[in-house]
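Here is a briefing on one protein chain. Look through the sequence and the model first, then read the notes.

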Amino acid sequence: SPPDAQQPPSSGAGWASAAIPGLGPIDQATLDARLDPETDQRKFGARLSKSIPLNEQLSVTVQNGYGVSQPLVTAPAAGVAAPAQVIDSDQMAKLNFLPLGTSIFAGSKISSIDDRRLNSVGAEQNLLGGISLSGAVSDNAAGGHDRSLTARFKRSW
């Protein structure tokens, strides 16, 4: 661009996630934090999971998640109410077919800004080399359904 041209503002978001080995009846706890100046929002959450083996070929995983979102705005303009924080929770049960690397799941979410429970169902298939493919159908807040197909690659070292 020309030297005197105005540059577009830069933007970005930061997030962190930490998995903590479980204690007692909980297999794993995950803590999440996200800061997004573009949407003036910060979010903190936790997810707890427990996997229960049924036999050598099947297991059930149960997850519960909780989150709090809060606007970054600290002092609203005069005459304008301060935006409220949003509390949400989600639950999911997953049936894992261990020899096949296949899982089917059902879950639901609810938020303090919407009293409607949003349900979802789906499946995931682990492929070779850390690649997985998943698909889901979920209710959305507008009363319709969202469909997704996702491919993932995960490598640990």
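Predicted model: local features only at pLDDT ≥ 70, side-chain atom pairs only at ≥ 80, totals over all residues.

Residues are numbered from 1 along each chain as its sequence is written, and side-chain values use heavy atoms, with hydrogens and water left out. The chain has nine strands and zero helices.

**Overall make-up**

- Along the sequence the pattern reads β-β-β-β-β-β-β-β-β.
- Helices (H or I, at least four residues) and strands (E, at least two) are DSSP runs, numbered from the N terminus.
- The chain has 157 residues, and 20% of them are buried (under 20% relative accessible area, with a 1.4 Å probe and protein chains only).
- Of the contacts between residues at least 6 apart in sequence, 28% join residues at least 24 apart. Contact means heavy atoms within 4.5 Å.

**The sheet**

- Nine strands form an open sheet in the order S1-S2-S3-S4-S5-S6-S7-S8-S9, with antiparallel pairing.
- Strand S1 (14-21) and strand S9 (145-153) are the edge strands, and each pairs on one side only.
- On average, neighbouring strands of this sheet are turned by 15 degrees against each other, direction ignored. Axes are lines fitted to C-alpha atoms.
- Two strands pair if DSSP finds at least two bridges between them.

**Strand pairs**

- S1 pairs with strand S2 (residues 28-36) in the antiparallel sense, over eight bridges. Gly14 stands opposite Leu35 in S2.
- S1 and S2 form a hairpin with six residues between them. In the turn, Gly24 has a positive phi of about 60 degrees.
- S2 and S3 run antiparallel and are joined by nine bridges. Here Arg34 stands opposite Lys43 in S3.
- Strand S3 (residues 41-53) pairs with strand S4 (residues 58-71) over 13 bridges, again antiparallel. Ile52 stands opposite Val60 in S4.

**Glu124**

- Glu124 lies in strand S7 (residues 114-126).
- Beyond its neighbours within four places in sequence, Glu124 touches several residues, including Lys94, Gly101, Leu133 and Arg152.

Technical notes. Buried < 20%, exposed > 50% of the residue type's maximum accessible area, 1.4 Å probe, protein only. Axes fitted to C-alpha atoms, helices over the stretch in contact; angles between N-to-C directions.
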